[in-house]
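Me: Hi! Could you walk me through this one? I'd like the overall picture before the details.

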Amino acid sequence: MEWGRDRRGDELPAWITDKQHRLEKIRHAKVALEAEARANAQAAHTRRAGNAEARPQRGRPPIHPPGAPRDRAQRNFTDPDSRIMKTTEGFVQGYNAQAAVDAASQIIVAHRVTAAATDLQQLAPMVAQIKQQTGRQAREVSADAGYSSDANFRELNRRHIRGYVATGRQQHGHAAADGSRQAKAGTRTRAMQVTLRRGGHRSRYRLRKQTVEPVFGQIKQARGFRQVRLRGIEKVTQEWSLVCSAHNLLKLAKALTR
């Protein structure tokens, strides 16, 4: 094929230039949004069904009936699996890449990719993967405030893992990353706040700054991996796995040359 004669390389996809293809894409996106809204409504109904005493509906009826997509619902045509996420640099269309790092060696011992913008549901799968990958359960885990919830603390306790998880943003001049709000008495979040405050500057939570954070810095800055090149969560997961494997190989090679 003679690329220079047949194509310039900047042509638009056929579905954009053809009106019928565009309409078909829009119809498929509409159907997918409606199916997603119905699935979310069903999941919410299932959660409420566990409550023996259903609370009566109060206030105004919802603007959007259950199972109907909101007016602001969006679907990406290039990569429907991805989601719009807020980062420190603004909003991006992408994925949430997770990594668990060994404190002693900076070796990545677990990783995963999700399309969820928050980290709240990722702690349990990550600690489960650590055990699966290494053959033993982690003795302790530190994580930032994105993983803070009573459910996550309950999971750590069930697995007999000592947790050091920030319960809020660390205030300037404050020794603990426990946030400015006091958690409700008797909750696991309150107990975690007490643990962090007792540790102060010597809390095990401080290890995050010398284990996980440098690893992400090395991957982004030293190796230039700041965006994925593939599409679809399955392929992106494989790409992230290769990146993590390359990081581990470089760490092991450096350790062998010392």
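Reply: Happy to; we can start with confidence and fold, then turn to one helix. Keep in mind that this is a predicted model.

Me: What is the mean pLDDT of the chain?
Reply: The mean is 84, and 86% of the residues reach 70 or more.

Me: Where is confidence lowest, and where is it highest?
Reply: Helix 1 (residues 3–6) is lowest, at a mean of 56. Strand 4 (residues 108–114) is highest, at 96.

Me: How many helices and strands are in the chain?
Reply: There are eight helices and six strands. Along the sequence the pattern reads α-α-α-β-β-β-β-α-β-α-β-α-α-α.

Me: And what share of the residues is buried?
Reply: 28% of the 258 residues count as buried. The chain exposes about 18700 Å², with carbon and sulfur atoms supplying 51% of that area.

Me: New topic: helix 4. Which residues are buried there?
Reply: Leu123, Met126, Val127, Gln129 and Ile130 are buried in helix 4. They lie on the same side of the helix, because they cover an arc of only 155° around its axis.

Me: What do those buried residues pack against?
Reply: Their partners are strand 3 (96–101), strand 4, strand 5 (140–143) and helix 5 (150–158).

Me: What span should helix 4 have?
Reply: At 1.5 Å a residue, its 12 residues (123–134) should span 16 Å. The end C-alpha atoms are 17 Å apart, so the two values agree.

Me: Which residue follows helix 4?
Reply: Gly135 does, and its phi is positive, near 85°.

How values were computed. Residues numbered from 1 in each chain as written. Predicted model: local features only at pLDDT ≥ 70, side-chain atom pairs only at ≥ 80, totals over all residues. Heavy atoms only, no water. pLDDT = per-residue confidence, 0-100. Helix = DSSP H or I, 4+ residues; strand = E, 2+ residues; numbered from the N terminus. Buried < 20%, exposed > 50% of the residue type's maximum accessible area, 1.4 Å probe, protein only. Areas by Shrake-Rupley, 256 points an atom, 1.4 Å probe, with all protein chains shown as cover. Expected span 1.5 Å × (residues − 1). Arc of directions from axis to C-beta. Contact = heavy atoms within 4.5 Å.
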